[in-house]
Amino acid sequence: MTPSSNARPTRRPVNPKTWLVLGLSFFVLSLVPFPLPSRIVLLAVQVALVLWAVPLRQFMFFVVFGMGPVAVMAWLIQAISRGGGHVYASWHPMPGIAFEVTSEGIYHGVLMAVQILNFGSACALLSLPTTAGGLRRVLHEWHLPPRLIFLIVASLNAPHQLAAYAQIAVESARARGMAENGFCPTVRLRVRTMATLFTLVLLEHNDRALSLEQRAIESRRSRIFLYADPDSFMQRMVRILVPLIALGLTWYQYGGAL
């Protein structure tokens, strides 16, 4: 049986090193005090890259339980606590304490919220598209210490494990009639089981650390990986140009190129 002539071509896989370089470059840019339009453009580029690499549901899980609540809280705090000349509302809950909603506070709140979303999207680029094995191969190629490689891989692989355990818990609860199909019931169930699942991830990482300790993880012996990561000339150019552009924008923003 031959494949159909009008079948969609499969997307070529991306080298884990490319995702890691992109994530680190955007991580640096997320810490730079860009103006609001530049931060919005930066956020749009990062979200587009993440959605190109991972399913929308996985990225939404990262947003709902990760950077989203932090960004909303940062905007709210700035909106009611930062002074300004344009006051929309004010109230005094007790003598000596006053809250005001100002246009300047709302603007700076949006600025901080977008920066937090930029930071979270950079973390998503670092952790979501890359598998634990691919990340370990890249860090070993960069000659990092073995124990540091384990700590980085275990930390960045935690969202994958947490999402997998949460899905198992949700399906198990549905099978027992504890939750209905739908977005809101699923979110409530995930929140209730989050603490237990996070503890389970920590225990699993601790067991792996003890196992690697027994296998002499600190030994300087050479390691051979039987899996060859895909690569291309375009990806190598991206890994060179994107960090240079990120460093150039950072230098320019801080006034070094003026």
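## Burial in the predicted model

A residue is called buried when its relative accessible area is under 20%, exposed when that area is over 50%, and partly exposed in between, using a 1.4 Å probe and protein chains only. By this definition, 33% of the 258 residues of the protein count as buried. This is a predicted model, in which local features need pLDDT of at least 70 and side-chain atom pairs count only at pLDDT 80 or more, while totals for chains, interfaces and linings use all residues. Residues are numbered from 1 along each chain as its sequence is written, and side-chain values use heavy atoms, with hydrogens and water left out.

## Overall fold

The protein contains eight helices and two strands, where helices (H or I, at least four residues) and strands (E, at least two) are DSSP runs numbered from the N terminus. Along the sequence, these elements follow the pattern α-α-α-β-β-α-α-α-α-α. Among contacts (heavy atoms within 4.5 Å) between residues at least 6 apart in sequence, 70% join residues at least 24 apart.

## Helix α1

Helix α1, residues 16-30, has 15 residues and reaches 21 Å from its first C-alpha to its last, close to the expected 21 Å, a span defined as 1.5 Å times one less than the number of residues.

Helix α1 is mostly covered, since twelve of its 15 residues are buried, including Trp19, Leu22 and Phe26. The buried residues of α1 pack against α2 (36-53), α4 (103-127), α5 (132-141) and α8 (233-253).
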